[in-house]
Amino acid sequence: MTDVVVAESRMYIDGELTEAISGATYANINPATEEEIGQVSDAGVADMERAIAAARRAFDESGWATDREFRKRCLHQLHEGLVKEAEVLRAQIVAEVGSPIMLTYAVQQDSCIEDMVWDIDCIDRIEWEYDLPVHEFFGMKSARRVLREPIGVVGAITPWNFPFMLNLSKVIPALAAGNTVVLKPAPDTPWSATHIGRVAAEYTDIPAGVFNVVTAGNAAAIGEVLSGDLRVDMISFTGSTATGKRIMARGAETLKRVFLELGGKSANIILDDADLAAQCGGGAMVCMHGGQGCAIGTRMLLPRSHYDEGVELLKAAFEGWKYGDPTNPENLQGPLISAIQRERVLGYIETGKAEGARLVVGGGRPAHLDKGYYVEPTLFVDVDPDSTIAQEEIFGPVLVVIPYDDDDDAVRIANNSRYGLSGSVNGRDLDRAYGIAKRIRTGTVAVNGGQWFGPDSPFGGYKESGLGREHGIPGFEEYLETKTIGLPAPS
Ligand code: ADP
């Protein structure tokens, strides 16, 4: 074992930092070195059951659901603790995620710690009660009061690509809204969750059972315990569309609320009046973090009138793209998370070749990196919009380039997808680009480099990219129930 990183190996259940009941642990692997960096508790069914019972009891019996000022105070304590421990976490994230260290100064860590304050402030933004005008029904005049209440126990199930950010994106609004939470992180990135558990234990007055973290190597089986339990009222999930469908089906047995943020295959439309040198010259940015992001623009749509020139610029960009050791701040691409993911991505590359796409750069494992789950930055052009690599989410450093004839054709190709998560449109004429953005059937669109991301921006998918929205007021409201009380009208 090399590269030892100080991290929390224990789960957080019912207010205690705890081992699994069986005592079992499993190894956390650094995807850049393929070596063990430490151990973490390996929960069984009984541990998950214990966490669910604690969360249920804390919701039903503690004042968490009703005492908004207390929640605010506790969540600010959590924020302060995470700020204090930021440098401890940074090393863990780079080691367990293989994330380029530069990303930890932004969305992988620091910006989400900052953004959690926006979610906590929602406690003061939400209209928790409001009155409707007097209404006559069956001859009786009534007043009506609408109350917003927490849903109950929320199961948060998260993936490994931006694990800490996605853990906070679910846990903070769910807790701020008054729910209790059981967080089950992905098996490959347990420390991004146990860190939050430890900080909650050491820095906050959060009552026992309100927040729980359960880590498991056999995470799908333990996740199924959470998504199938009658005591859990909602599942908030980010991950693949296939697993999202499974969670929804399982949740249906007990009619759970589900929030799903799923896959994407976002189109980046380059219009014929775009700055081609900037757009294609920067095209290798899709390889950032190994392309392991659901909202990355992995389908580039190039106008036929500028196609050859665009492909040449992209080729140069991909050939010059620096990648490798994630601890080197110059690398914006590190390894993929696991050997399984690397093989999946390489499989898609073989399918692309077999289906007739033209491979221009990359296409395999890098010769100069003999350790780590790396895949070369890979550029496919002349891609058929109906082919596998144009339709399925690859989740690797692979760009597919598709030629188009005119604006209508570009919109048609962009919308020819079962996904609908994100996209971008780039051209000098802002009105034209904006008009096209309005025709794209996705939950977010970036026009001319404008960033849609922010703690107050609703984010989520159309079609098979998900249900509901994360962030913003709509994101907070995902974690609320609505109750209407009828009262006699004041005389
Ligand atoms: P990937 O295939 O890339 O690992 P998934 O969408 O399967 O992505 O995983 C995202 C999260 O969902 C992880 O925390 C994983 O453990 C969890 N998960 C996987 N399968 C299930 C399942 N059947 N029920 C509940 N959670 C699951």
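What we have here is a predicted model, where local features need pLDDT of at least 70 and side-chain atom pairs count only at pLDDT 80 or more, while totals for chains, interfaces and linings use all residues. Residues are numbered from 1 along each chain as its sequence is written, and side-chain values use heavy atoms, with hydrogens and water left out.

Helices here are DSSP runs of H or I with at least four residues (strands are E, at least two), numbered from the N terminus. Axes are lines fitted to C-alpha atoms, for helices over the stretch in contact, and angles run from 0 to 180 degrees between N-to-C directions.

Let's take H3 and H7. H3 covers residues 86-97, H7 covers 191-203, and they pack at about 155 degrees with axes 9 Å apart. So H3 and H7 are roughly antiparallel to each other. Contact means heavy atoms within 4.5 Å, and here it involves Val88, Leu89, Gln92, Ile93, Glu96 and Val97 on H3, with Trp191, Ser192, His195 and Arg198 on H7. By class that gives 5 nonpolar, 3 polar and 2 charged residues. For the classes, Ala, Val, Leu, Ile, Met, Phe, Trp, Tyr, Cys and Pro are nonpolar, Asp, Glu, Lys and Arg are charged, and the others, Gly among them, are polar.

Next pair: H2 (residues 68-84) and H6 (163-176), packed at about 160 degrees, axes 10 Å apart. That makes H2 roughly antiparallel to H6. On the H2 side you'll find Arg71, Leu75, Leu78 and Leu82, and on the H6 side Phe164, Leu168, Ile172, Leu175 and Ala176.

Glu224, Ser227 and Gly228 of H8 touch Arg246, Arg250 and Gly251 of H9, a set with no nonpolar, 3 polar and 3 charged residues.

Last, the ligand. Around it are 17 residues (a heavy atom within 4 Å), and Thr158, Lys184, Glu224, Ser240 and Thr243 come nearest. For polar contacts, meaning N or O pairs within 3.5 Å, a polar backbone atom of serine 240 is 2.7 Å from a ligand oxygen. Threonine 243 puts a polar side-chain atom 2.8 Å from an oxygen atom of the ligand.

Methods
Angles under 35 degrees count as roughly parallel, over 145 as roughly antiparallel, 65 to 115 as roughly perpendicular and the rest as oblique. A polar contact is a pair of N or O atoms within 3.5 Å; within protein, one must be able to donate a hydrogen and the other to accept it, and residues adjacent in sequence count only if both atoms are side-chain atoms.
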